[in-house]
Amino acid sequence: MASLRSIALMTCTALMLTTNTLTSASSPSGGSATKSSYAKTSFIPPAAPSSVGWPSSLNHRPSRVQNQIATGYGTYHASSSSASSSPTILLGKKKGVVGGGGSSTTQPVSKNGKIQVVLLQTVPDVGQTGDVVFVSSAVFQNQLKRTNKARLISAEEVAKMESEERAQEKEAYDMAVKTKSMLEEAMLANLGGGDADQCADDGKDICGIALEMKRKAGPEGNLFGGVNPKMVMDALKEQYPDGSWEGKQVKLGEVKDMEGKTVAKMDIKQVGEYVVKLYLGKGVDISFILAIVAE
């Protein structure tokens, strides 16, 4: 309707201009024609409006709707550059899989239809806290993720964790070897004037006391309360403070008397000397002599 009104208005304006021009030219004044103040012109037909049409996927794509303004005489481009350029596409950043709100665009690792996750809590029949395991997507979405017991982990994170774990294992191994050397040196120093060769000549594999503990005992050498593994470990920590005594792998393996008889539950009930096997770490262990003496 706006287009038809514009056509009618332009047509009326042109007719009025033409009529005024003709009237002024034919009116006499003092025996001569009065000069018109209007310039003679020809009729200019109005431009026909273009059909914009009903918005559709063909003539109103999202990019055109965003960058153009529809008028009664066609479609007006807001700017030539915006009309010719392609629409800007905004891509959302993927949520990170790193704990603590970090962001990462790396996809989690999948294998045999399962995805790789790291456990944030111990889950029965799945693993311990910190374990990296493969679980089905259903188990992760319905069980682990909802209870915040696990999160996705990328291959880069796994590689970093493995690198840090190797570094920690090397450090633990070096400390275990150092601790073993401390005990060996203590045994050699406590041979009572002998040496390792003399010890071997006597047919003994282990010589020299590495640890001595004093406890209350009866007349026949029976200990009051006994000596258990925890007491032995506490005494080692106290006597060798620079040693490596932390970690699940550091523990007593077995306790035997000097005749080779195994002490039940490693709970010592009598004064005397005992051979104690001690695990200090992965691939590192030592057997040393423990002396229990009466106070």
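These questions and answers cover one aspartate, a nonpolar core and one loop lysine.

The model is predicted, with local features needing pLDDT of at least 70, side-chain atom pairs counting only at pLDDT 80 or more, and totals for chains, interfaces and linings using all residues. Residues are numbered from 1 along each chain as its sequence is written, and side-chain values use heavy atoms, leaving out hydrogens and water.

Student: Which side chain of opposite charge is nearest to Asp-257?
Tutor: Asp-257 is in strand β11, residues 251–257. Asp-257 is buried (under 20% relative accessible area, 1.4 Å probe, protein chains only). It has no salt bridge (a side-chain nitrogen of Lys or Arg within 4 Å of a carboxyl oxygen of Asp or Glu). The nearest side chain of opposite charge, at 6.0 Å, is that of Lys-261.

Student: How many residues are in the largest nonpolar core?
Tutor: A nonpolar core is a set of buried Ala, Val, Leu, Ile, Met, Phe, Trp, Tyr and Cys residues joined through side-chain atoms within 4.5 Å. Leu-236, Leu-278, Phe-288 and Leu-290 touch the most other members. The number of residues in this core is 30.

Student: Is Lys-216 buried or exposed?
Tutor: Lys-216 lies in the loop between β9 and β10. Its relative accessible area is 57%. The cut-off for exposed is over 50%, so Lys-216 is exposed.

Definitions and conventions. Helices (H or I, at least four residues) and strands (E, at least two) are DSSP runs, numbered from the N terminus. Lys and Arg count as positive and Asp and Glu as negative; His and the chain ends are not counted.
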